[in-house]
Amino acid sequence: MRRQRPTLPSYFRTFALSHMRAALFHEFGGPEVLRIEEVPAPRAASGQVVVAVRAAAINHLDLWVRRGLPIETTMPHIGGSDIAGEVAEVAEGVDGWSVGDRVVVNPSLWCGRCEPCIRGQESMCAEFRILGEHTDGGFAEFVAVRATSLYRIPPEMSFETAAAFPISYQTAWRALITRARVRAGEDVLVLGASGGTAAAAVQIAKLAGARVFAVTRGRESVDRVRALGADVVYDRAEVDFSREIFRDTGKRGVDVVVENVGEATWRQSLRSLARGGRLVTYGATTGPRGDTDIRLVFWKQLEIIGTTMASRAEFEDMLRAAFQGRLLPVIDSVLPLDEIRGAHERVESGEHFGKVVLKP
């Protein structure tokens with residue numbers, strides 16, 4: 001017997017809503033600038049769909065934008081790059097999507113015309129932007145997105161789980177698989193392993209067949225990172241991890257360091273590398289100015305590699321692994337949208353382990 005589609009709410013059938021609730025800010029600052037307001041609901045322009053947001057995860061990116069990261073953005077601004085929900089409206093001429101489809105959104109935005117885009121390196125696009133950073137995002141009841149940014153969620157996957165993947169897992173995938181070229185049998189060190197992207201890096205490094213060392217802070221976080229699959233976990237409040245790495249690798253060092261902490265750990269990260277090792281970095285949460293001994297770089301023939309987000313193909317490779325159950329996101333907490341300030345404060349304090357997810 002053919003399975004009957006459930007009855008959809010009336011706003012899905014007509015999408016006649018003129019306004020919606022959103023979490024936004026009118027000026028840069030601390031969590032206190034965040035507020036819940038009623039704003040005009042988006043409509044699907046050419047090539048777009050409107051998604052009814054069922055879950056949206058917070059990233060450190062949201063904190064930087066709220067503080068006034070030097071970018072051009074909307075103001076007042078609605079943050080939120082990690083979005084999962086249901087299609088509420090489809091623009092005329094958009095094929096392949098129907099109202100009610102369960103979807104996750106790739107937040108990367110690129111032009112499709114420049115040389116990097118033509119080569120399939122969309123994250124290097126001259127006009128590269130991120131949904132929720134440079135445009136309004138998903139901390140709202142509805143968001144308009146490009147139809148080409150949508151991917152169907154498996155029926156068994158929750159919206160909260162799907163929303164935990166986009167930013168963190170695509171960033172970690174490109175960092176490890178493409179940029180750092182991790183191979184089976186190599187040693188990989190992941191810094192800040194209680195954060196969403198670093199936790200993703202632990203899982204992806206294990207998926208690639210590496211032996212994984214990780215650094216976090218606090219006994220509870222150490223146990224959780226070990227449960228993710230890390231082979232050796234250091235509490236940076238208790239030990240100098242670069243000395244421990246030297247000892248635990250037989251004075252060799254690791255092949256790859258995944259850096260996101262920045263100033264506080266940069267020098268130790270370089271010291272942890274073996275000859276010919278690669279340091280790949282996608283963040284600098286403790287500050288942007290790392291202390292680099294250039295002699296160490298040329299004498300040990302090290303590589304320092306930058307990485308940002310992912311190409312379309314890399315995003316799809318990551319999502320395929322996720323939908324197959326080979327990647328399992330860590331969710332710290334799920335909160336209502338009204339608690340946006342507390343959610344930002346939790347991520348800012350570093351008390352979280354994994355993703356903080358909001359539900360409009």
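Is Asp 187 buried or exposed in this structure? Asp 187 is buried, with a relative accessible area of 8%; buried means under 20%, exposed over 50%, and partly exposed in between, using a 1.4 Å probe and protein chains only.

Before going on, note that this is a predicted model, where local features need pLDDT of at least 70 and side-chain atom pairs count only at pLDDT 80 or more, while totals for chains, interfaces and linings use all residues. Residues are numbered from 1 along each chain as its sequence is written, and side-chain values use heavy atoms, with hydrogens and water left out.

Now let's look at charges. Side chains of opposite charge can pair when their charged atoms come close. Such a pair is called a salt bridge when a side-chain nitrogen of Lys or Arg lies within 4 Å of a carboxyl oxygen of Asp or Glu. By this rule the model has 29 salt bridges.

Arg 211 itself is partly exposed, at 36%.

Next, find Asp 255, which bridges to Arg 252 with 2.6 Å between the closest N and O atoms. Asp 255 is buried at 11%, whereas Arg 252 is partly exposed at 43%. Elsewhere, salt bridges with shared partners join Arg 66, Arg 67 and Glu 348 into one network.
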